[in-house]
Amino acid sequence: MLRCVVSVFAGFLVFAGFPPRPLWFLAPIGIAVLTLVLTGAGGAPPRLRAGFGYGYLAGLGFLVPLLPWIGVYVGPLPWLALAAVESLFIGMFGLLAVLVSRLRWAPLWIAACWSLTEWLRSSVPFGGFPWGRLAFGQSEGWLLPLASIGGSPLLSFAVALTGAGLASVAVTVRARAGGAANWKRPLAGGLVGGLAATIVSVALWPTLPNMDSGDRTITVAAIQGSVPRLGLDFNSQRKQVLDNHVNRTLELADAVASGAAPQPDVVVWPENASDIDPLRNADAAADISRASEAIGAPILVGAVLVNSDRTTTNSVIVWDGNVGPLDRHDKKIIQPFGEYLPYREFFRHFSSYADRAGHFVPGQGDGVVHANGVAVGVATCYEVAFDRAFEESVRNGAEFLAVPTNNATFGDTEMTYQQLAMSKVRAVEHGRAVVVAATSGVSAIIAPDGSTVQQTPLFVPAALVAQVPLRTDLTLASRLGSIPEVLLCLGAVGAIAFALVQRRRDVGVRVAGVAAGDVGDPSNA
């Protein structure tokens, strides 16, 4: 029972390390506490199935408080069901951590097992759910620069390695206090695991680009028009949402004309700024053109487009008031149970809200749109959680990154801050400025080093205007892509295989001992 309680507490510590709380250091401590449970804290480690159970409880302690925004308007069932399913992967980590805990350099393999299960959670089912990766809780932490060389997978691994190393140090110090003779080697392994990531990260800080770096700079504006009301029905007043963004852009145009604000080169509107299809509705098209002409710049318009087969795409259109629609990004990674409902006939039996899921289809393209001669990488809302979205954009020439998002359906929950932290990690990962435009907040301008230059409050119409650097250099993380994650997962698989072989050999030795009648011999104790 004590281990069960401690496991839940460990998961809660990891949650407490996520934004909006600036307590990022609690995440590795939470991993350390969980590792102590899974390795027996100096005593006998639990059985494999018990390790799964402790890991699963830690997953619930982490994900249940992390994800209540899922059910803020649809009730607790989807929220708790998602947390319960995703906790299975952390349960798998618990099982694997018990399995590899007796290997030499155990902290390294335990952290690699976290990477393996985090990759699985980010991949399956229905394309995976990367929300809650350890990396996304480190947007303010000292390990953040590691994202520039290995992306979010390396950053997550570093957090897990630090936690597992701390646990190893704690166990070794306890063993030393108890008079153990062989304490030095485990202590050295734990210290290396706990300190290596920090040392490398501190050395990388001076190398991160800032807002003064780049090939040249342009002025970018992010418009937050806000919505008439929160909740699932916010877009029932679609014209009002569009008008809010048009009007806020016109106000910015007046400020530019009076000299109170600089002239933007590109304007970014949020996701769902126009849920009226401007390619089919002349009034919506005229309103957007009027705003673009007034501000004197193309606008990246988040719009819902209706296809000929009555499906829809969640799109970002480059709209120039003088010529109309130009380049376009159709959201490629769409959200299951929100933008579409897999197995609709099955899941509709579990919630009256199921049929309100959309009929969106994924788009194509390379993740880049061109506006005013600038290559802009676009990841719309949910896409920013996936490594491949901005990786593709940057490799295809994106000079700065845009995250149009709509958080109005999640009220005043922590969701928007969790997503903002992802954008900060992506900025460091790819060495690019990131412009976040949200319908109801939080909108932000983020520097290539992950620092926040400007930020809006929630539910307040606003316009952010800033000079951002355009960069074409690729970070090591951008060049390597998924290679670091593949190597970490292969390392975990190798450790698991070795541990299984060792476990089978140990079982064989015990069976042989019983067969020979040696089990009662004190020399075999």
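This note goes through the sheet, its strands and the side-chain pairs of the structure above.

1. Basis. The model is predicted; local features need pLDDT of at least 70, side-chain atom pairs count only at pLDDT 80 or more, and totals for chains, interfaces and linings use all residues. Residues are numbered from 1 along each chain as its sequence is written, and side-chain values use heavy atoms, with hydrogens and water left out.

2. Sheet order. An open sheet of 6 strands runs E6-E7-E8-E9-E10-E11, with mixed pairing. Strands (E, at least two residues) and helices (H or I, at least four) are DSSP runs, numbered from the N terminus. Two strands pair if DSSP finds at least two bridges between them. E6 and strand E11 (452-455) are the edge strands; each has a single partner strand, so one side of each lacks a neighbour in the sheet. The twist averages 25° from one strand to the next. Axes here are lines fitted to C-alpha atoms, for helices over the stretch in contact, and angles run from 0 to 180 degrees between N-to-C directions.

3. The E6-E7 hairpin. Strand E6 (residues 368-371) and E7 run antiparallel, joined by 4 bridges. Val369 stands opposite Val376 in E7. The hairpin has 2 residues between its strands, and Asn372 in the turn has a positive phi of about 55°.

4. Burial of E7. Strand E7 (residues 374-378) is mostly covered, with 5 of its 5 residues buried. Buried means under 20% relative accessible area, exposed over 50%, and partly exposed in between (1.4 Å probe, protein chains only). Val374, Val376 and Val378 point one way from E7. Ala375 and Gly377 point the other way, and these too are buried.

5. From E7 to E8. These two strands pair in the parallel sense over 3 bridges. Val378 stands opposite Ala402 in E8. The chain crosses from E7 through H11 to E8 in a right-handed β-α-β crossover. Right-handed means that, with the strands pointing away from the viewer, the path from the first strand over the helix to the second runs clockwise.

6. E9, E10 and the helix across the sheet. Strand E9 (residues 434-438) and strand E10 (residues 444-446) are antiparallel, with 3 bridges. Val434 has Ile446 in E10 as its bridge partner. H12 lies across E8, E9, E10 and E11, at about 25° to E10. Contact means heavy atoms within 4.5 Å.

7. Which residue forms a salt bridge with Asp387? The partner is Arg426, with the closest N and O atoms 2.8 Å apart. Asp387 lies in helix H11 (residues 387-395) and Arg426 in helix H12, so the pair ties together parts 39 residues apart in sequence. Asp387 is buried at 14% relative accessibility. Arg426 is buried at 1%. Both belong to a network of salt bridges that also links Glu118, Arg133, Glu429 and Glu485.

8. Other salt bridges. The count is 18, each a side-chain nitrogen of Lys or Arg within 4 Å of a carboxyl oxygen of Asp or Glu. Arg21 pairs with Glu414, the closest N and O atoms being 2.7 Å apart. This pair links distant parts of the chain, 393 residues apart: Arg21 sits in the loop between helix H1 (2-16) and helix H2 (26-39), Glu414 in the loop between strand E8 (400-405) and helix H12 (415-430). Arg21 is partly exposed at 23%, as is Glu414 at 25%. Asp277 and Arg280 also form a salt bridge (3.6 Å, N to O). Asp277 is buried at 7%, whereas Arg280 is exposed at 52%.

9. Aromatic pairs. There are 11. Rings of Phe, Tyr and Trp (its six-membered ring) pair if their centres lie within 6.5 Å; planes under 30 degrees apart count as stacked, over 60 as edge-to-face and the rest as tilted. Trp24 and Trp142 have ring centres 5.0 Å apart and planes at 65°, so this pair is edge-to-face. Trp24 lies in the loop between H1 and H2, and Trp142 in the loop between helix H5 (106-121) and helix H6 (147-177), 118 residues apart. Trp24 is buried at 16%, while Trp142 is partly exposed at 45%. Tyr382 and Phe386 are also edge-to-face, at 5.2 Å centre to centre and 70° between the planes. Tyr382 is buried at 5%, and Phe386 is buried at 4%. Ring pairs also link Trp69, Phe129, Trp131 and Phe410 into a cluster.
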